[in-house]
Amino acid sequence: MSKQTIIMFNDEGIKVLIEQLAKKLQPFLKTSNSIPEIEKEPFITLDEVSKILNLKKATIYGYTHKSTIPFRKQGKKLLFLKSEIYAWIDERKNTTKNDLEMKADAYLLKNKL
């Protein structure tokens, strides 16, 4: 049989306990006025994206119209995050023969004939 300890707190004790818990939990709580890390990054313009991608503005407008490139819109102005543009470039990399062979091997191991 286990021994149970019952601790009784008065109102002041409960208040102190709650304050201590709040201090300990604060790093884990998200506040409504906190801005996600990625949005603290400054936005870049369409001209800058055009230079990074070496594409005409019209092509980038087409990508935004089709929602294939990550962007935000503020009124009529298009805004981009450089980190998202580089991630988008990485996602679109061409698959090499070696990559295809590795995927085929993984598939065959998983799905034995």
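Q: How do β2 and β3 pair?
A: β2 pairs with β3 (residues 77–81) in the antiparallel sense, over three bridges. Strands pair here if DSSP finds at least two bridges between them. Strands (E, at least two residues) and helices (H or I, at least four) are DSSP runs, numbered from the N terminus. The model is predicted: local features need pLDDT of at least 70, side-chain atom pairs count only at pLDDT 80 or more, and totals for chains, interfaces and linings use all residues. Residues are numbered from 1 along each chain as its sequence is written, and side-chain values use heavy atoms, without hydrogens and water.

Q: Which residue in β3 is the bridge partner of K73?
A: L78.

Q: What's the strand order in the sheet?
A: β1-β3-β2, antiparallel, in an open sheet of three strands. β1 (43–44) and β2 (72–74) each have a single partner strand, so one side of each lacks a neighbour in the sheet.

Q: Switching to α4. Which of its residues are buried?
A: E84, I85 and W88 are the buried residues of α4. Buried means under 20% relative accessible area, with a 1.4 Å probe and protein chains only. They span an arc of only 100 degrees around the axis, so they sit on the same side of α4. That arc is taken from the directions from the helix axis to the C-beta atoms.

Q: What covers them?
A: The cover includes α2, α3 (57–65), β2 and β3.

Q: And which residues of α2 meet α4?
A: V49, I52 and L53. They meet K82, I85, Y86, W88 and I89 in α4. Contact means heavy atoms within 4.5 Å.

Methods: Buried < 20%, exposed > 50% of the residue type's maximum accessible area, 1.4 Å probe, protein only.
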